[in-house]
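The points are grouped by topic.

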Protein chains: 2
Amino acid sequence: MNAAPHPILDSIRAIAWSEGSLKLLDQRKLPDEVVWLSFDRCDAVAEAIRDMVVRGAPAIGITAAYGAVLAARDRIRASGKDWHRGFADDLDQLAAARPTAVNLGWAVARLRARAAKLATSEVEEALFAEAQAMHDEDITANRRMGELGAGLIQGPCGVLTHCNTGSLATGGFGTALGVIRTAYGQGCLSQVYADETRPWLQGARLTAWELVQDSIPVTLICDGAAAWLMRTGKVQWVVVGADRIAANGDAANKIGTYNLAIAARYHGVRFMVAAPTSTIDPATPDGGSIPLEERAGEEVTRLGGRSFAPEGVQAWNPVFDVTPAGLIDVIVTERGVVTAPSHKTIQAVLQSQSP
Amino acid sequence: MNAAPHPILDSIRAIAWSEGSLKLLDQRKLPDEVVWLSFDRCDAVAEAIRDMVVRGAPAIGITAAYGAVLAARDRIRASGKDWHRGFADDLDQLAAARPTAVNLGWAVARLRARAAKLATSEVEEALFAEAQAMHDEDITANRRMGELGAGLIQGPCGVLTHCNTGSLATGGFGTALGVIRTAYGQGCLSQVYADETRPWLQGARLTAWELVQDSIPVTLICDGAAAWLMRTGKVQWVVVGADRIAANGDAANKIGTYNLAIAARYHGVRFMVAAPTSTIDPATPDGGSIPLEERAGEEVTRLGGRSFAPEGVQAWNPVFDVTPAGLIDVIVTERGVVTAPSHKTIQAVLQSQSP
């Protein structure tokens with residue numbers, strides 16, 4: 001079954017720049033409505049990141065880069081050659097919009113460094129070129145991760161994924177979903193299972209939506225059914241993304257990932273993390289040092305504007321958890337595959353050149 | 001903290017008989033609305049079990065017992081002394097309403113055996129007395145399990161539970177939630193964490209509602225957050241119910257339970273199943289022989305009348321999973337505690353007398 005290669009369209013892009021504005025596909029409204037929002041100001045971009053108009057570690061990094069372009073333009077218009085201080089404040093605000101994904105800080109630092117060397121007259125154009133380059137590099141990295149990750153998958157097999165790591169979560173194509181797209185295209189993947197991924201339902205709303213558009217067979221499950229699915233023997237791999245990978249290989253990702261890693265190890269199912277090297281933070285020694293966002297309990301008790309729990313009930317809403325390196329079989333980056341992640345193997349991939 | 005005992009009200013009852021009719025609290029509408037439905041006919045009772053007006057293994061057993069009373073009354077009214085055949089068909093229909101919980105078949109068999117020995121004139125009254133006795137015995141069993149289970153919990157500690165196993169799922173008081181009620185009443189439990197329990201959200205809708213009414217501190221979590229909660233050290237026990245326990249101690253329970261058992265073992269958190277002996281099925285040798293219900297995928301993709309997934313996406317909706325005996329630390333029944341569940345220890349508790 002599925003031995004023949006399949007064409008992969010991958011036509012979805014959630015971040016675009018046109019007519020001097022940043023356009024974001026509002027991911028809170030998918031799949032019911034396809035709504036594009038337009039941004040001319042940096043503070044509105046920071047708010048969009050905070051409110052999850054855009055989400056996914058690589059995607060919020062790229063969004064912040066375009067936000068920095070808007071910040072520079074505004075600050076130069078308002079203050080001319082004295083644009084630097086306001087611009088620095090804007091970048092701080094962007095970097096602080098969400099705490100866990102290191103790509104956000106990484107992107108902001110890259111734009112900050114680029115801006116430092118520029119004359120006022122060239123800032124806007126140069127930063128825009130930098131943001132575009134970052135966007136293009138991300139798609140290229142995703143394609144490369146797709147090839148490397150798919151190369152590890154013996155088919156035909158079933159894969160379970162969590163949250164959304166596709167075109168919507170990145171510059172395009174996807175990290176874990178890029179691996180899945182590529183593996184399906186090569187005919188070595190027969191069925192994708194997608195955790196619905198409470199509380200935001202990114203699996204049900206976004207991953208299913210992406211896969212349907214690429215005609216890749218997808219079956220949704222409730223997050224609690226994952227271990228039982230593994231028990232049935234229908235999945236040979238769990239493939240997920242990451243929001244920050246510490247220097248020792250511990251990986252923060254959407255809440256529920258740690259659950260999957262434990263169940264995968266118990267069942268002998270292989271566990272792959274696909275993430276670009278921009279997600280690796282050498283300054284974070286281990287998972288215990290990763291700042292983990294917690295959001296309001298109402299995101300658990302309410303859904304689609306309606307409350308399902310009795311009024312006033314408390315809920316704990318951690319957005320991310322940390323999977324220890326010891327539970328991860330491979331980390332796939334655009335620079336190569338890290339097997340048995342550790343401080344040493346992570347360092348090695350960071351020091352290698354992109355192929 | 002919580003060293004002093006707390007009064008437990010336990011005022012909720014979801015199954016009642018009045019003025020010759022069975023009354024069921026419609027659990028699909030909780031916690032938004034408290035709606036009682038009235039039943040005069042057995043086929044409507046079978047439909048209510050199938051449609052989950054009432055759920056929870058002990059509760060559907062008791063409901064079926066009252067349904068048998070209605071069946072006998074109707075059949076005698078229609079056919080006089082020839083009531084037996086129609087009655088037998090009605091009981092078959094009741095027993096087939098849902099496949100997994102063995103309490104349903106157990107209750108129907110008990111009423112069938114009782115009816116076999118009766119003269120037509122005494123059937124209705126005698127079956128009603130049998131159903132009431134079964135209802136009372138269930139509450140007594142729950143109280144006893146509460147004492148036995150709470151006796152194992154060293155406090156103050158945190159407990160994680162799954163689905164709803166309380167007054168709503170039983171004749172009253174609850175199995176796992178009965179243990180939790182008792183432990184809290186004795187001051188050895190400081191915090192309950194409740195999985196929201198997708199797809200039906202029995203944890204968010206029902207367990208939270210019950211615990212709020214008893215003023216027991218409860219915090220909801222998404223099912224995917226359970227392993228991460230265990231990692232924080234905030235829970236020392238997972239306490240769950242069961243829908244059928246096989247002769248070797250394997251236990252079928254709400255989907256997600258198996259996930260919890262694996263994560264609990266990984267973290268050294270203790271795992272307790274609380275269920276009356278009517279949930280143990282000596283005729284089912286092991287978990288592989290338990291019939292496991294699967295329901296429509298729409299229960300996953302839709303919530304509160306609204307679809308969250310793209311149209312036409314498939315979903316896999318297993319209602320139950322099986323936790324192997326080896327992952328269960330203790331099974332608490334009204335006849336005693338089974339440590340290290342196995343064919344031998346399960347047989348021993350079945351052969352012992354209620355204290």
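**A buried serine and its surroundings**

A:Ser167 has a relative accessibility of 0% and therefore counts as buried, the cut-off for that class being under 20%. The model is predicted.

**Position and contacts of A:Ser167**

- In chain A, the loop that joins strand 4 (157–161) to helix 6 (176–185) contains A:Ser167.
- Once neighbours within four places in sequence are set aside, the contacts of A:Ser167 include A:Asp10, A:Ile12 and A:Arg13.
- A:Gly172, A:Phe173, A:Gly174, A:Arg181 and A:Glu210 are also among the contacts of A:Ser167.
- One of these partners, A:Arg181, is among the buried residues of helix 6 of chain A.
- Between A:Ser167 and A:Ser121 there are 34 Å from C-alpha to C-alpha, with a sequence separation of 46 residues.

**Helix 6 of chain A**

- Helix 6 of chain A is largely enclosed by the rest of the structure, because ten of its ten residues are buried.
- The buried residues are A:Ala176, A:Leu177, A:Gly178, A:Val179, A:Ile180, A:Arg181, A:Thr182, A:Ala183, A:Tyr184 and A:Gly185.
- These buried residues pack against two helices of chain A, helix 5 (120–150) and helix 7 (202–213).
- They also pack against strand 4, strand 5 (189–195), strand 7 (237–240) and strand 10 (270–274) of chain A.
- A:Gly187, which follows helix 6 of chain A, has a positive phi near 80°.

**Helix 9 of chain A**

- Helix 9 (residues 257–267) of chain A is likewise largely enclosed by the rest of the structure, since eight of its eleven residues are buried.
- Those buried in helix 9 of chain A are A:Thr257, A:Tyr258, A:Asn259, A:Leu260, A:Ala261, A:Ile262, A:Ala263 and A:Ala264.

- Chain A comprises domain 1 (15–139) and domain 2 (145–351).
- A distance of 25 Å separates the C-alpha centres of domain 1 and domain 2 of chain A.
- Their contact involves 27 residues of domain 1 of chain A and 29 residues of domain 2 of chain A.
- The largest pocket lies between these two domains of chain A, because both give residues to its lining.
- The space in the largest pocket amounts to about 440 Å³.
- Helix 10 (298–301) and strand 12 (302–303) of chain A are the elements that give two or more residues to the lining of the largest pocket.
- Of the 20 lining residues of the largest pocket, those nearest its centre are A:Arg28, A:Trp200, A:Arg205, A:Leu303 and A:Gly304.
- By class, the lining of the largest pocket has eleven charged, seven nonpolar and two polar residues.

- Seven cavities of 30 Å³ or more are present in the structure.
- The largest cavity, with a volume of about 250 Å³, has a lining of 29 residues.
- B:Gly56, B:Ala57, B:Asn164, B:Asp243 and B:Asn253 lie nearest the centre of the largest cavity.
- At least two lining residues of the largest cavity come from each of helix 2 (57–79) and strand 9 (251–254) of chain B, and helix 2 of chain B gives the largest share, three residues.
- Domain 1 (15–139) and domain 2 (145–351) of chain B each provide at least three residues of this lining.
- The lining of the largest cavity has 13 nonpolar, eleven polar and five charged residues.
- The second largest cavity has a volume of about 210 Å³.
- It is lined by 24 residues, and A:Arg55, A:Gly56, A:Ala57, A:Asn164 and A:Asp243 are the closest to its centre.
- Helix 2 of chain A contributes the most to the lining of the second largest cavity, namely three residues.
- That lining has ten nonpolar, nine polar and five charged residues, and at least three residues come from each of domain 1 (15–139) and domain 2 (145–351) of chain A.

**Relation of the two chains**

Terms used. Residues numbered from 1 in each chain as written. Chains lettered and ligands numbered in written order. Predicted model: local features only at pLDDT ≥ 70, side-chain atom pairs only at ≥ 80, totals over all residues. Heavy atoms only, no water. 1 Å grid on protein atoms, 1.4 Å probe; cavity = no way out; pocket = protein on both sides within 12 Å on 5 of 7 lines; lining within 4 Å. Points joined across faces, edges and corners; volume = space filled by probe spheres on them. Helix = DSSP H or I, 4+ residues; strand = E, 2+ residues; numbered from the N terminus. Nonpolar A, V, L, I, M, F, W, Y, C, P; charged D, E, K, R; others polar. Domains from an automatic or database assignment. Buried < 20%, exposed > 50% of the residue type's maximum accessible area, 1.4 Å probe, protein only. Contact = heavy atoms within 4.5 Å.
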